[in-house]
Amino acid sequence: MDRHVVDWLTSPGLTEYEFAVSQMETRAAAIRDGTASEAIWLVEHPPLYTAGTSAQPTDLTDPDRFPVHKTRRGGQYTYHGPGQRVAYVMLDVGRRGHDVRRFVHDLEAWIIAALDQFNVKGEVRDGRVGVWVTRPEKPPLPDGSPREDKIAALGIRLRKWVSFHGLSINVEPDLSHFDGIVPCGITDHGVTSLVDLGLPVTMEDVDVALKTTFPQVFPS
């Protein structure tokens, strides 16, 4: 077993959230113990909301719509569901520099690089978690600034310097499902997806983009 090789795992169909958390915790513990390689696990979930450690109760605007899972990852409320690629990232951050802020920055850079494969310009914003795209075709905000929509979210947890949880990219989810929460506490901007942007992108296309760009940001 080569601990410097990253295993890529893809689950077909819809993966139950609690099962995913259990599997992540087991794999992260094995990585810490030196008995398993790092891993990226690609899944889709049934419709659900998750509440991170900074979630505000008032941001759950429709609590009876979908199951709500409290999670110990960082961040606020987010939605997961069919048509959204979730990438659970189980990496040895200790081996990769013991720098949590840099690790989060690298996750953002990975998302941006993957989106660039489809000529989508993803950007990060101070004070706003996730990756955003500018929507010049939409009416500007009252202060004249352009509207921006969120296309990807991220939230991680570290245990003894091994990460779990990860990121999600909206490929073709039902965007109305985001209406039951204030995504990541942001009220001034919306949510989009690759298909909403007019791109005929499949889940498999996104998987290829993630695998292609990963070593550019996370060398072995």
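The legends below describe close-up views of a predicted model.

**View 1. Strand E8 and its pairing with strand E7.** Strand E8 covers residues 128–134 and is mostly covered, with 5 of its 7 residues buried. Strand E7, residues 123–125, runs antiparallel to E8 and is joined to E8 by 2 bridges. Across this pair, Glu-123 stands opposite Trp-132 in E8. The hairpin of E7 and E8 has 2 residues between the strands, and in this hairpin Gly-127 takes a positive phi near 85 degrees.

**View 2. Strand E8 and its pairing with strand E9.** E8 also pairs with strand E9, residues 148–159, in the antiparallel sense. The pairing of E8 and E9 extends over 4 bridges. Here Val-131 stands opposite Ala-152 in E9. In a regular strand, side chains alternate between the two faces of the sheet.

**View 3. The open sheet E4-E3-E5.** An open sheet is formed by 3 strands in the order E4-E3-E5, with mixed pairing. Strand E4 (68–70) and strand E5 (77–80) stand at the edges; each has a single partner strand, so one side of each lacks a neighbour in the sheet. From one strand to the next, the twist averages 25 degrees. Strand E3, residues 48–51, runs antiparallel to E5, and 4 bridges join E3 to E5. Thr-50 stands opposite Thr-78 in E5.

**View 4. The largest pocket.** The volume of the largest pocket is about 200 Å³. Its lining has 20 residues, and those closest to the pocket centre are Arg-73, Thr-78, Leu-154, Gly-155 and Gly-166. Two or more lining residues come from each of E5, strand E6 (84–90), E9 and strand E10 (162–170). E10 gives the most to this lining, with 4 residues. By class, the lining of the largest pocket divides into 9 nonpolar, 10 polar and 1 charged residues. Thr-78, one of the residues closest to the centre of the largest pocket, is also the residue of E5 that stands opposite Thr-50.

**View 5. The second largest pocket.** The second largest pocket has a volume of about 150 Å³. Its lining consists of Val-93, Arg-95, Arg-96, Asp-99, Arg-102, Phe-103, Asp-106, Val-217, Phe-218 and Pro-219. Helix H2, residues 100–116, gives the most to this lining, with 3 residues. The lining of the second largest pocket has 5 nonpolar and 5 charged residues, and no polar residues.

Definitions and conventions: Residues numbered from 1 in each chain as written. Predicted model: local features only at pLDDT ≥ 70, side-chain atom pairs only at ≥ 80, totals over all residues. Heavy atoms only, no water. Buried < 20%, exposed > 50% of the residue type's maximum accessible area, 1.4 Å probe, protein only. Pairing = 2+ DSSP bridges. Axes fitted to C-alpha atoms, helices over the stretch in contact; angles between N-to-C directions. 1 Å grid on protein atoms, 1.4 Å probe; cavity = no way out; pocket = protein on both sides within 12 Å on 5 of 7 lines; lining within 4 Å. Points joined across faces, edges and corners; volume = space filled by probe spheres on them. Nonpolar A, V, L, I, M, F, W, Y, C, P; charged D, E, K, R; others polar.
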